[in-house]
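Subject: Structure handover

Hello,

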Amino acid sequence: MTSFEGFRCADCGATATGEGATTCPDCNGALDATYDLDELVGGPPADRPGDLLPVAPVGMGEGETPLVEAPRLAEELDVGTLRLKDEGHNPTGSVLDRGMSLVAAAADDADADTLALATTGDAGQSAAAYAARAGLLSRVFVPSRANFINKAMINVHGGDMRVVEGRYGDARETYETEREELPAADAETWFPAGTLESPYRHEGFKPVYYETAAALGTAPDAVVVPVAHGGVVAAIWKAARELERLGVVDARPRVYAAQPDGCAPIVEAVEGGHDPEPWEVPDSTTRTPSTARRRSPSTRVWRSASPAASPSPPPGGSATTANSPPTTPSSSSTPAPATGTPTSSGAG
Ligand SMILES: [Zn+2]
């Protein structure tokens, strides 16, 4: 049983219902799913994540990933206990599979026949796999800079790939142009699978937190999330509020958004108190903690920043950049688990 009610625009508050919702019908802003939480109070949604999802996922073994203790990293960062939510165990190797499992289901419900998106790579291989699983096609626009494995796996999963010379912005531009030029009769056949192009992809990330809280039996003190567009960190914050509201756990964690120094628009926005702005020359290649230590004794993983501001980083958390001097998260006590590894901005 789901307590799903409908969708609300994060920008203007307009509501939307119906299968296959994409963006706000009034302002084209991002939609967010709403639920009747009163129906679930006292219930165990950590065991039944479907109660807090807008549609049943196209299941392919995603989720229930290991929560691995990392004692040496905990020591390096001077926190009591640190755990990594290893999303590499998902079917195509990233957290994006969780969101795509809902996107594919919504596209099928809406009678679309193609998942379409521009992507730096991971989301493309996930979309190609989940489209195939749902009996749909996929049309994936990737920049020429995307890595070879992503491109190969899009092909392996049967995706129709278009490689666009340049960076992500160039792929995105080509995707939008082709979409606008679709004949009217075909316009509904493409279902957008990109970040914030529908409410399903970010909603699908919430079980990362449900599983973490269930494994710990309580809310973690802090969650550090590698961030690109911000979909995963927003979903984790939403899930944390839901579980606290339902009384499943009695607290919310501090939530940190981590971005690489070479592409940190959300961190800059939080620190500067303004909306995120385009990053001139993005470079999201970061070193792992162990290689960073080998290469430069003065390099560390992340630093805390000012308290987060809306819209993306949640109140009570912070935005951080990778490969900067570390600061122990404020008022930290054990345990201090983290989800994901601070090695890439490709998490979503
Ligand atoms: Zn709106």
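This is a predicted model: local features need pLDDT of at least 70, side-chain atom pairs count only at pLDDT 80 or more; totals for chains, interfaces and linings use all residues.

Residues are numbered from 1 along each chain as its sequence is written.

Overall
The chain has 10 helices and 13 strands. Both are DSSP runs, numbered from the N terminus: helices are H or I with at least four residues, strands are E with at least two. Of the 348 residues, 50% count as buried. Buried means 20 or more other C-beta atoms within 10 Å of the residue's own, exposed means 12 or fewer, and partly exposed lies in between, with C-beta atoms placed from the backbone. Of the contacts with a separation of 6 or more, 69% link residues 24 or more positions apart. A contact is two C-beta atoms, placed from the backbone, within 7 Å.

The sheet
Three strands form an open sheet in the order β2-β1-β3, with antiparallel pairing. The edge strands are β2 (15-16) and β3 (31-35), each pairing on one side only. Pairing requires at least two DSSP bridges between the strands. β1 (residues 4-9) pairs with β2 over 2 bridges and with β3 over 5 bridges. Arginine 8 stands opposite threonine 15 in β2 and aspartate 32 in β3.

Helix α3
α3 (residues 122-134) has 13 residues. It reaches 18 Å from first C-alpha to last, close to the 18 Å expected at 1.5 Å a residue. The expected span is 1.5 Å times one less than the number of residues. In α3, 11 of the 13 residues are buried, among them Asp122, Gln125 and Tyr130. The buried residues pack against α2 (96-109), β6 (114-118), β7 (137-143) and α4 (148-156). Glycine 135 follows α3, with a positive phi near 80 degrees.

α7 and α8
α7 (residues 207-216) and α8 (residues 231-246) pack at about 50 degrees, with axes 8 Å apart. Axes are lines fitted to C-alpha atoms over the stretch in contact, and angles run from 0 to 180 degrees between N-to-C directions. The two helices are therefore oblique to each other. Under 35 degrees counts as roughly parallel, over 145 as roughly antiparallel, 65 to 115 as roughly perpendicular, and the rest as oblique. Val208, Tyr209, Tyr210 and Ala213 in α7 meet Ile236, Ala239, Ala240 and Leu243 in α8.

Best regards
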